[in-house]
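Here is a short report on one structure. Keep the sequence and the 3D view open as you read.

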Amino acid sequence: MTSSSQQALLPVLTASIDEIMEQHNAAAEVWNPHDWIAWADGKNYAFLGGEDWDEGQAKGSETVHAALLALLLTKDNLPSYHRLLAMHCPPASEWRPVVGGWTAEDNRHAIALRDYVVVSRTQDPEDLEMRRLHHVMQGYKQNPTALEYGVLDVFALLALHELALVSFIDQLLVDTDDDVLKGILKKIRHDDDVSSQTFAKFLAKAVADDRDAVAAAVDKAVAERQAIGADVQDFDSQFALLGAYSDAEANAAKLRELAGL
(Lines give C-alpha, C1' and ligand atoms only; values in the text may rest on other atoms or scores of the structure.)
Protein backbone atom coordinates (compact mmCIF):
# COMPACT_ATOMS: atom_id res chain seq x y z
CA MET A 1 0.00 0.00 0.00
CA THR A 2 1.43 3.38 -0.98
CA SER A 3 1.87 6.27 1.42
CA SER A 4 -0.90 8.19 -0.35
CA SER A 5 -3.38 5.30 -0.02
CA GLN A 6 -2.43 4.89 3.64
CA GLN A 7 -3.19 8.57 4.09
CA ALA A 8 -6.77 7.82 3.05
CA LEU A 9 -7.12 6.05 6.40
CA LEU A 10 -6.18 9.19 8.32
CA PRO A 11 -9.84 10.18 8.98
CA VAL A 12 -10.39 6.79 10.66
CA LEU A 13 -7.35 7.35 12.86
CA THR A 14 -8.27 10.96 13.58
CA ALA A 15 -11.72 9.93 14.78
CA SER A 16 -10.12 7.68 17.39
CA ILE A 17 -7.79 10.29 18.90
CA ASP A 18 -9.98 11.22 21.87
CA GLU A 19 -10.63 7.60 22.87
CA ILE A 20 -7.01 6.49 22.53
CA MET A 21 -5.54 9.53 24.26
CA GLU A 22 -8.00 9.17 27.15
CA GLN A 23 -6.63 5.66 27.64
CA HIS A 24 -3.07 6.92 27.24
CA ASN A 25 -3.49 9.66 29.83
CA ALA A 26 -5.12 7.24 32.29
CA ALA A 27 -2.08 4.94 32.07
CA ALA A 28 0.59 7.67 31.93
CA GLU A 29 2.45 8.91 34.99
CA VAL A 30 3.37 12.52 35.74
CA TRP A 31 6.98 12.82 36.89
CA ASN A 32 9.72 15.43 37.00
CA PRO A 33 13.27 14.59 35.85
CA HIS A 34 14.86 16.76 38.52
CA ASP A 35 13.21 14.74 41.31
CA TRP A 36 15.16 11.63 40.31
CA ILE A 37 18.69 13.09 40.27
CA ALA A 38 20.95 12.83 43.33
CA TRP A 39 22.10 16.44 43.04
CA ALA A 40 24.01 16.31 46.34
CA ASP A 41 26.40 13.80 44.74
CA GLY A 42 27.47 16.34 42.10
CA LYS A 43 30.16 19.01 41.97
CA ASN A 44 31.33 21.74 39.63
CA TYR A 45 33.46 21.04 36.60
CA ALA A 46 36.71 22.92 35.93
CA PHE A 47 35.03 25.71 33.96
CA LEU A 48 33.44 26.89 37.22
CA GLY A 49 36.46 26.19 39.38
CA GLY A 50 35.80 22.53 40.07
CA GLU A 51 37.27 19.32 38.71
CA ASP A 52 36.82 17.88 35.23
CA TRP A 53 35.95 14.25 34.58
CA ASP A 54 38.64 11.57 34.46
CA GLU A 55 38.43 7.82 33.90
CA GLY A 56 38.89 7.11 37.59
CA GLN A 57 35.43 8.55 38.25
CA ALA A 58 33.64 6.09 35.95
CA LYS A 59 31.23 3.70 37.64
CA GLY A 60 29.66 0.46 36.51
CA SER A 61 30.66 -2.17 33.99
CA GLU A 62 31.63 -1.58 30.37
CA THR A 63 28.34 -3.16 29.34
CA VAL A 64 26.33 -0.71 31.45
CA HIS A 65 28.39 2.18 30.06
CA ALA A 66 27.66 1.04 26.51
CA ALA A 67 23.96 0.50 27.19
CA LEU A 68 23.54 3.87 28.89
CA LEU A 69 25.30 5.63 26.02
CA ALA A 70 23.15 3.89 23.40
CA LEU A 71 19.95 4.66 25.32
CA LEU A 72 20.83 8.31 25.89
CA LEU A 73 21.77 8.96 22.26
CA THR A 74 18.58 7.24 21.10
CA LYS A 75 16.56 9.51 23.37
CA ASP A 76 18.56 12.54 22.21
CA ASN A 77 17.41 11.71 18.67
CA LEU A 78 13.78 12.47 19.54
CA PRO A 79 13.54 15.29 16.92
CA SER A 80 13.91 12.76 14.09
CA TYR A 81 11.08 10.59 15.39
CA HIS A 82 8.95 13.68 15.98
CA ARG A 83 9.45 14.78 12.38
CA LEU A 84 8.40 11.39 11.02
CA LEU A 85 5.18 11.51 13.01
CA ALA A 86 4.48 15.19 12.27
CA MET A 87 4.84 14.58 8.51
CA HIS A 88 1.58 12.62 8.55
CA CYS A 89 -0.17 13.87 11.70
CA PRO A 90 0.14 17.68 11.67
CA PRO A 91 0.66 19.02 15.21
CA ALA A 92 -1.39 22.13 14.36
CA SER A 93 -4.55 20.03 14.18
CA GLU A 94 -6.51 17.46 16.18
CA TRP A 95 -3.24 15.52 16.36
CA ARG A 96 -1.59 17.98 18.74
CA PRO A 97 -2.28 15.85 21.88
CA VAL A 98 -0.71 12.83 20.17
CA VAL A 99 2.31 14.41 18.48
CA GLY A 100 3.00 17.17 20.98
CA GLY A 101 2.05 15.12 24.01
CA TRP A 102 4.29 12.17 23.14
CA THR A 103 7.18 14.45 22.24
CA ALA A 104 6.92 16.37 25.52
CA GLU A 105 6.70 13.18 27.57
CA ASP A 106 9.58 11.48 25.77
CA ASN A 107 11.78 14.57 26.03
CA ARG A 108 11.99 13.97 29.78
CA HIS A 109 14.05 10.85 29.16
CA ALA A 110 17.14 12.47 27.65
CA ILE A 111 16.95 15.25 30.25
CA ALA A 112 16.94 12.80 33.17
CA LEU A 113 19.60 10.49 31.73
CA ARG A 114 21.99 13.29 30.86
CA ASP A 115 21.56 14.97 34.25
CA TYR A 116 22.27 11.61 35.88
CA VAL A 117 25.48 11.14 33.88
CA VAL A 118 26.71 14.70 34.49
CA VAL A 119 26.08 14.50 38.23
CA SER A 120 27.26 10.92 38.81
CA ARG A 121 30.24 11.25 36.43
CA THR A 122 29.74 7.70 35.25
CA GLN A 123 30.93 8.73 31.77
CA ASP A 124 32.86 11.54 30.08
CA PRO A 125 30.31 14.37 29.62
CA GLU A 126 32.37 16.06 26.88
CA ASP A 127 32.43 12.86 24.84
CA LEU A 128 28.68 12.49 25.36
CA GLU A 129 28.06 16.04 24.16
CA MET A 130 30.15 15.58 21.02
CA ARG A 131 28.34 12.33 20.31
CA ARG A 132 24.96 14.00 20.87
CA LEU A 133 25.74 16.76 18.39
CA HIS A 134 26.81 14.28 15.75
CA HIS A 135 24.02 11.77 16.36
CA VAL A 136 21.20 14.32 16.29
CA MET A 137 22.64 15.99 13.20
CA GLN A 138 22.85 12.59 11.50
CA GLY A 139 19.26 11.92 12.57
CA TYR A 140 17.06 8.91 12.04
CA LYS A 141 15.73 8.29 8.52
CA GLN A 142 16.59 11.84 7.54
CA ASN A 143 16.79 11.00 3.85
CA PRO A 144 14.42 10.78 0.84
CA THR A 145 13.25 7.28 1.83
CA ALA A 146 11.34 8.84 4.73
CA LEU A 147 9.02 10.43 2.17
CA GLU A 148 7.92 6.95 1.12
CA TYR A 149 6.46 6.21 4.54
CA GLY A 150 2.73 6.28 5.08
CA VAL A 151 0.93 7.04 8.31
CA LEU A 152 0.55 3.33 9.15
CA ASP A 153 4.25 2.78 8.48
CA VAL A 154 5.12 5.50 10.97
CA PHE A 155 2.82 4.21 13.70
CA ALA A 156 4.21 0.69 13.25
CA LEU A 157 7.78 1.98 13.33
CA LEU A 158 7.19 4.02 16.48
CA ALA A 159 5.31 1.25 18.27
CA LEU A 160 8.13 -1.20 17.54
CA HIS A 161 10.72 1.40 18.54
CA GLU A 162 9.06 1.83 21.93
CA LEU A 163 8.80 -1.93 22.43
CA ALA A 164 12.52 -2.27 21.65
CA LEU A 165 13.29 0.40 24.23
CA VAL A 166 11.24 -1.43 26.87
CA SER A 167 13.16 -4.69 26.39
CA PHE A 168 16.46 -2.78 26.23
CA ILE A 169 15.73 -1.07 29.54
CA ASP A 170 14.66 -4.36 31.11
CA GLN A 171 18.14 -5.74 30.48
CA LEU A 172 19.85 -2.57 31.68
CA LEU A 173 17.87 -2.79 34.92
CA VAL A 174 19.28 -6.28 35.40
CA ASP A 175 22.86 -5.21 34.70
CA THR A 176 23.11 -2.01 36.75
CA ASP A 177 23.40 -1.91 40.53
CA ASP A 178 22.95 1.87 40.77
CA ASP A 179 19.68 2.58 42.57
CA VAL A 180 19.43 6.15 41.28
CA LEU A 181 19.79 4.98 37.69
CA LYS A 182 17.28 2.19 38.30
CA GLY A 183 14.72 4.72 39.49
CA ILE A 184 15.12 6.81 36.34
CA LEU A 185 15.03 3.77 34.08
CA LYS A 186 11.80 2.53 35.63
CA LYS A 187 10.09 5.86 34.92
CA ILE A 188 11.32 5.85 31.33
CA ARG A 189 10.31 2.23 30.87
CA HIS A 190 6.77 2.95 31.99
CA ASP A 191 6.49 5.87 29.56
CA ASP A 192 7.80 3.78 26.68
CA ASP A 193 5.50 0.89 27.50
CA VAL A 194 2.44 3.16 27.51
CA SER A 195 3.55 4.83 24.27
CA SER A 196 4.06 1.49 22.51
CA GLN A 197 0.47 0.56 23.31
CA THR A 198 -0.83 3.97 22.25
CA PHE A 199 0.83 3.85 18.83
CA ALA A 200 -0.32 0.26 18.33
CA LYS A 201 -3.91 1.20 19.17
CA PHE A 202 -3.98 3.49 16.13
CA LEU A 203 -2.92 0.52 14.00
CA ALA A 204 -5.63 -1.61 15.59
CA LYS A 205 -8.25 1.01 14.70
CA ALA A 206 -7.25 0.72 11.03
CA VAL A 207 -7.44 -3.10 10.95
CA ALA A 208 -11.20 -3.14 10.34
CA ASP A 209 -10.82 -0.90 7.27
CA ASP A 210 -7.67 -2.40 5.78
CA ARG A 211 -6.12 -5.31 7.63
CA ASP A 212 -3.66 -6.02 4.82
CA ALA A 213 -2.32 -2.47 4.94
CA VAL A 214 -1.74 -2.70 8.69
CA ALA A 215 -0.03 -6.07 8.32
CA ALA A 216 2.20 -4.69 5.56
CA ALA A 217 3.15 -1.70 7.72
CA VAL A 218 4.04 -3.95 10.64
CA ASP A 219 6.06 -6.26 8.38
CA LYS A 220 7.92 -3.25 6.99
CA ALA A 221 8.77 -1.99 10.48
CA VAL A 222 9.98 -5.43 11.55
CA ALA A 223 12.11 -5.86 8.43
CA GLU A 224 13.76 -2.46 8.78
CA ARG A 225 14.18 -2.38 12.55
CA GLN A 226 17.68 -1.91 13.93
CA ALA A 227 18.74 -2.75 17.46
CA ILE A 228 19.09 0.17 19.86
CA GLY A 229 22.61 1.56 19.40
CA ALA A 230 23.16 0.09 15.93
CA ASP A 231 23.07 3.56 14.36
CA VAL A 232 25.67 5.08 16.72
CA GLN A 233 28.95 5.83 14.96
CA ASP A 234 32.32 4.75 16.37
CA PHE A 235 30.50 2.37 18.67
CA ASP A 236 31.27 -1.09 17.25
CA SER A 237 33.22 -2.53 20.17
CA GLN A 238 30.66 -1.25 22.68
CA PHE A 239 27.70 -2.35 20.60
CA ALA A 240 29.15 -5.86 20.58
CA LEU A 241 28.55 -5.97 24.34
CA LEU A 242 24.80 -5.46 23.92
CA GLY A 243 23.74 -8.76 22.38
CA ALA A 244 21.42 -9.54 25.28
CA TYR A 245 19.71 -6.15 24.96
CA SER A 246 17.71 -6.94 21.83
CA ASP A 247 14.70 -9.25 21.65
CA ALA A 248 13.58 -8.63 18.08
CA GLU A 249 11.34 -11.70 17.69
CA ALA A 250 9.45 -11.10 20.92
CA ASN A 251 8.98 -7.42 20.10
CA ALA A 252 7.68 -8.23 16.62
CA ALA A 253 5.21 -10.75 18.05
CA LYS A 254 4.07 -8.24 20.66
CA LEU A 255 3.49 -5.57 18.03
CA ARG A 256 1.36 -7.91 15.93
CA GLU A 257 -0.66 -8.79 19.03
CA LEU A 258 -1.20 -5.16 20.03
CA ALA A 259 -2.17 -4.23 16.47
CA GLY A 260 -4.83 -6.94 16.44
CA LEU A 261 -3.23 -9.02 13.70
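## About the model

This is a predicted model, in which local features need pLDDT of at least 70 and side-chain atom pairs count only at pLDDT 80 or more, while totals for chains, interfaces and linings use all residues. Residues are numbered from 1 along each chain as its sequence is written, and side-chain values use heavy atoms, with hydrogens and water left out.

## Two packed helices

Two packed helices are described by the angle between their axes and the distance between the axes. Take helix α3 (residues 17-27) and helix α9 (residues 179-224). They pack at an angle of about 160°, and their axes are 10 Å apart. α3 and α9 are therefore roughly antiparallel to each other (an angle over 145 degrees, on a scale from 0 to 180 degrees between N-to-C directions). The crossing of α3 past α9 is right-handed, meaning that the near helix is turned clockwise from the far one by less than a right angle. The helices themselves are DSSP runs (H or I) of at least four residues, numbered from the N terminus.

Which residues of α3 meet α9? They are Ile-17, Glu-19, Ile-20, Met-21, Gln-23, His-24 and Ala-27. Their partners in α9 are His-190, Val-194, Ser-195, Thr-198, Lys-201, Phe-202 and Lys-205. The residues of this contact divide into 6 nonpolar, 5 polar and 3 charged.

## The loop between α6 and α7

Arg-121 sits in the loop between α6 (96-120) and α7 (125-138). Its phi is positive, about 60°, although Arg-121 is not a glycine. Is Arg-121 buried or exposed? Arg-121 is buried, at 4% relative accessibility (buried means under 20% relative accessible area, exposed over 50%, with a 1.4 Å probe and protein chains only).

Gln-123 is found in the loop between α6 and α7. Gln-123 is buried, with a relative accessible area of 9%. A polar atom of its side chain lies 3.0 Å from the backbone oxygen of His-65. Leaving aside neighbours within four places in sequence, Gln-123 is in contact (heavy atoms within 4.5 Å) with Trp-53, His-65, Leu-68, Leu-69, Val-117 and Leu-128.

## Two exposed residues

Asp-234 lies in the loop between α9 and α10 (236-239). Its phi is positive, near 55°, and Asp-234 is a residue other than glycine. Asp-234 is exposed, with a relative accessible area of 71%.

Ala-223 lies in helix α9. Ala-223 is exposed, with a relative accessible area of 66%. Ala-223 and Ala-252 are 29 residues apart in sequence. In space they are 9.6 Å apart, C-alpha to C-alpha.

Methods:
Parallel < 35°, antiparallel > 145°, perpendicular 65-115°, else oblique. Nonpolar A, V, L, I, M, F, W, Y, C, P; charged D, E, K, R; others polar. Polar contact = N/O pair within 3.5 Å; in protein donor to acceptor, adjacent residues only side chain to side chain.
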